[in-house]
Amino acid sequence: MIQKICVYPGTFDPIHLGHLDIIKRALNIFETVIVAVASNPNKNPLFSLEERIDMIKKSTEKYQDRVIVEGFDTLLVDFVKKYNTNVIIRGVRLFTDFEYELQIAMTNYNLAKVETFFMMPSQELIHISSSIVKDVAFHKGDVTSLVP
């Protein structure tokens with residue numbers, strides 16, 4: 001079965017240009033990308049769930065109805081089932097990212113036969129992470145080349 005919908009999960013605290021690059025490139029493969037914003041209180045997010053959802057909606061409005069942004073606080077595989085798909089997109093930057101993401105991907109597959117597609121951000125954006133964005137902003141640095 002060919003999937004037309006994928007789910008791109010994350011905390012997105014905050015969304016940055018690397019995330020947006022993954023969304024844009026996923027839209028070359030899928031008709032619709034569901035950006036699933038994890039509540040994830042264990043990570044102590046800087047921005048509230050509502051703020052993160054709003055930032056992502058504003059950053060993706062040019063894609064109109066092809067990008068849907070929704071928060072979730074359930075198992076990811078349960079969220080994915082809601083959209084009748086079995087495809088997750090995950091961005092990976094480094095080998096250490098892949099090692100962690102592979103464990104999650106295998107768990108999701110074992111739980112619900114959900115496939116994970118790994119995508120790397122474009123070369124000029126591969127260094128960006130939400131942690132770096134927050135650190136630069138905290139020290140009053142210029143983040144204009146990192147976030148929308």
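Visitor: Which helix supplies the largest share of the lining of the largest pocket?

Guide: Helix 4 does, with 9 residues. The model is predicted: local features need pLDDT of at least 70, side-chain atom pairs count only at pLDDT 80 or more, and totals for chains, interfaces and linings use all residues. Residues are numbered from 1 along each chain as its sequence is written, and side-chain values use heavy atoms, with hydrogens and water left out.

Visitor: What makes a space a pocket, and what makes a residue part of its lining?

Guide: On a 1 Å grid over the protein atoms alone, a pocket is an open set of points where a 1.4 Å probe fits, with protein on both sides within 12 Å along at least five of seven lines; lining residues have an atom within 4 Å of a point. The largest pocket holds about 1200 Å³ of space. Its lining has 42 residues, and the closest to its centre are Gly10, Thr11, Lys43, Arg90 and Glu101.

Visitor: Which elements each supply at least two residues of that lining?

Guide: They are strand 1 (5-10), helix 1 (17-26), strand 4 (87-91), helix 4 (95-112) and helix 5 (130-138). Helices (H or I, at least four residues) and strands (E, at least two) are DSSP runs, numbered from the N terminus.

Visitor: Why is Thr60 called buried?

Guide: Buried means under 20% relative accessible area, exposed over 50%, and partly exposed in between (1.4 Å probe, protein chains only). Thr60 has 3% relative accessibility and therefore counts as buried. Thr60 belongs to helix 2 (residues 49-60). Leaving aside neighbours within four places in sequence, Thr60 is in contact (heavy atoms within 4.5 Å) with Leu20, Ile23, Val67 and Val69.

Visitor: Why is Asn84 called exposed?

Guide: The relative accessible area of Asn84 is 68%, so Asn84 is exposed. Asn84 lies in the loop between helix 3 (76-82) and strand 4. Although Asn84 is not a glycine, its phi is positive, at about 55 degrees.

Visitor: What makes Lys113 partly exposed?

Guide: Lys113 has a relative accessible area of 47%, and therefore it is partly exposed. The loop between helix 4 and strand 5 (115-119) contains Lys113. Phi of Lys113 is near 55 degrees, a positive value in a residue other than glycine.

Visitor: How do you know that the peptide bond from Asp13 to Pro14 is cis?

Guide: Omega of that bond, from Asp13 to Pro14, is near 0 degrees. Pro14 is found in the loop between strand 1 and helix 1.

Note on methods. Grid points are joined across faces, edges and corners, and a volume is the space filled by probe spheres set on the points.
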